[in-house]
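This report examines a helix, its surroundings and the aromatic side chains of one protein model. Please consult the sequence and the structure while reading.

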Amino acid sequence: MTDRSIILLLERLRTIAARKSRFAYDVRGHSYVNSGMVAPYAPASANSDPTDLEGVLNHALEHDAVVSGYRDPADGKMRYTSCRLFTDVHNAVVFARAQRQTSVYNWNRLEEIAVVAVTSGDAQ
């Protein structure tokens, strides 16, 4: 993508974030994600800033091209993640668990699904 395309995409995502408290957006298809399960990737590094939209966008463009945003009610800041879209809960949860994430979002039911970590005693 050209620098101009990235700038326009960042502006589009910031506009969406200003209007919504939660969203998922396909940055290659330029469309909202409004069905399926969205599972976030692990942050690129331990000191990654979840409010850094440009970093998240770059990661999304290198991977599955879905950016999600969630406004944290505690401080009012938008937290962004690069995500993968799934059609079923099981595979979304397995992916999120592998990425050490705590939840996935089900757009079909508009609900967050907790991801329970597997302990070494639970594995078979």
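## A charge over a ring

Lys20 lies over the face of Tyr32, at 5.2 Å from the ring centre. A charge counts as sitting over a ring if NZ of Lys or CZ of Arg is within 6 Å of the ring centre and within 35 degrees of the ring normal.

## Basis of the model

The model is predicted: local features need pLDDT of at least 70, side-chain atom pairs count only at pLDDT 80 or more, and totals for chains, interfaces and linings use all residues. Residues are numbered from 1 along each chain as its sequence is written, and side-chain values use heavy atoms, with hydrogens and water left out.

## Helix α1

Helix α1 comprises residues 3-19. Helices (H or I, at least four residues) and strands (E, at least two) are DSSP runs, numbered from the N terminus. At 1.5 Å a residue, the 17 residues of α1 should span 24 Å, which agrees with the 25 Å between its end C-alpha atoms; the expected span is 1.5 Å times one less than the number of residues.

The buried residues of α1 are Ile6, Leu9, Leu10, Leu13, Ile16 and Ala17. Seen down the helix axis, these residues fall within an arc of 125°, so they line one face of α1; the arc is that of the directions from the axis to the C-beta atoms. Buried means under 20% relative accessible area, exposed over 50%, and partly exposed in between (1.4 Å probe, protein chains only). The face turned away from the buried side carries the exposed residues Arg4, Ala18 and Arg19.

The buried residues of α1 pack against β1 (22-26), β2 (31-32), α2 (53-62), β4 (66-71) and β5 (78-86), where contact means heavy atoms within 4.5 Å. Arg12, also in α1, is partly exposed, with a relative accessible area of 33%. Not counting residues up to four places away in sequence, Arg12 touches Arg19, Tyr25 and Tyr32.

## Aromatic pairs

Rings of Phe, Tyr and Trp (its six-membered ring) pair if their centres lie within 6.5 Å; planes under 30 degrees apart count as stacked, over 60 as edge-to-face and the rest as tilted. By this rule there are five aromatic pairs. Phe23 and Tyr80 form an edge-to-face pair, 6.4 Å centre to centre with 65° between the planes. This pair links distant parts of the chain, with Phe23 in strand β1 and Tyr80 in strand β5, 57 residues apart.

Phe23 is buried, with a relative accessible area of 2%, and Tyr80 is buried at 9%. Tyr105 and Trp107 have ring centres 4.8 Å apart and planes at 70°, so their pair is edge-to-face. Both Tyr105 and Trp107 are buried.
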